[in-house]
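Hi everyone, thanks for coming. Let me put the structure up, and then I'll walk you through a few places in it.

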Amino acid sequence: MTEDDRYRAPALDKGLDMLELLAEIDGGLTQAEIAKSLGRTPNELYRMLDRLQKRGYVTRIDGDRFALTLKMFGLAQLHAPTRRLVSYATPLMRELANNARQAVHLAVFDRGQVVVIAQQEAPTYWGISIRVGSHISLFDTGSGHILMAFNTPERRQMMVTENQLDGKGEIPPALQDRFGRIREQGYESMPSAQTAGVFNLSAPIVAGDGNAIAALTVPYIPLVNISGAPDMSDCTHLLVDTCHRLSEMAGVRDGER
């Protein structure tokens, strides 16, 4: 008996085998397909799939297919990757806030919710601040639109399925149609659904695969009494440039944007 065999945990190995298999597949697999790929019988996997589904690691799509949720991604966000992202973003957020004369916040998708993980106050007297740790809408905010628009349809559907804050269950057709335009222009610009007179300007921080890992948002308010304050168009350019710089830190080359 080898050292590896002595400490085997067959049930854990079975669960990890399924998670690793599903991580490689777009569109999910049926229970029979999972069993065939792993050289097991469907009955061997039934209880394990049931537990993974109940614990939120796996979800059903198209009736009988199983796919990974974003829970494992969300767990990772709680540790070093999020801290590293905030560390990289903080000086650039401060620079953006000073140049735009507006507040800035950074948000990620975490286990069904859009969560604000960093905030930079406006350097002027007026600004819209959102508390770090706040859960904001997936459907009705610029950050939510960006996180959905700059992800694959499969990941987008998982985000909607996991979301509990909005309770919509599906993406409204008008919003679905909007994603193409958001991707084409590279940012979202929309009136705030929460605060009158505020425009959400949001852009993605993307990883090497082109999918958004975070959204950077300026809750823009017109500053009529401050000489030389950038207008909304200028703020949008500053925001997009900042996100490009942060995306480069995440491993995206200019030609991949």
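Let's start with Thr-30, which counts as buried because its relative accessibility is 14%; buried means under 20% relative accessible area, exposed over 50%, and partly exposed in between, with a 1.4 Å probe and protein chains only. Thr-30 sits in strand 1, residues 29–30. Helices (H or I, at least four residues) and strands (E, at least two) are DSSP runs, numbered from the N terminus. Which residues is Thr-30 in contact with, leaving aside neighbours within four places in sequence? They are Asp-64, Arg-65 and Phe-66, where contact means heavy atoms within 4.5 Å.

A quick word on the model: it is predicted, so local features need pLDDT of at least 70 and side-chain atom pairs count only at pLDDT 80 or more, while totals for chains, interfaces and linings use all residues. Residues are numbered from 1 along each chain as its sequence is written, and side-chain values use heavy atoms, with hydrogens and water left out.

Now to helix 2, residues 10–23, where we find Glu-20. Is Glu-20 buried or exposed? Glu-20 is exposed, because its relative accessible area is 52%.

Finally, let's step back to the whole chain. Its secondary structure comes to 10 helices and nine strands. The chain has 257 residues, and 44% of them count as buried. If we take contacts between residues at least 6 apart in sequence, 56% join residues at least 24 apart.

That's my tour, and I'm happy to go back to any of it.
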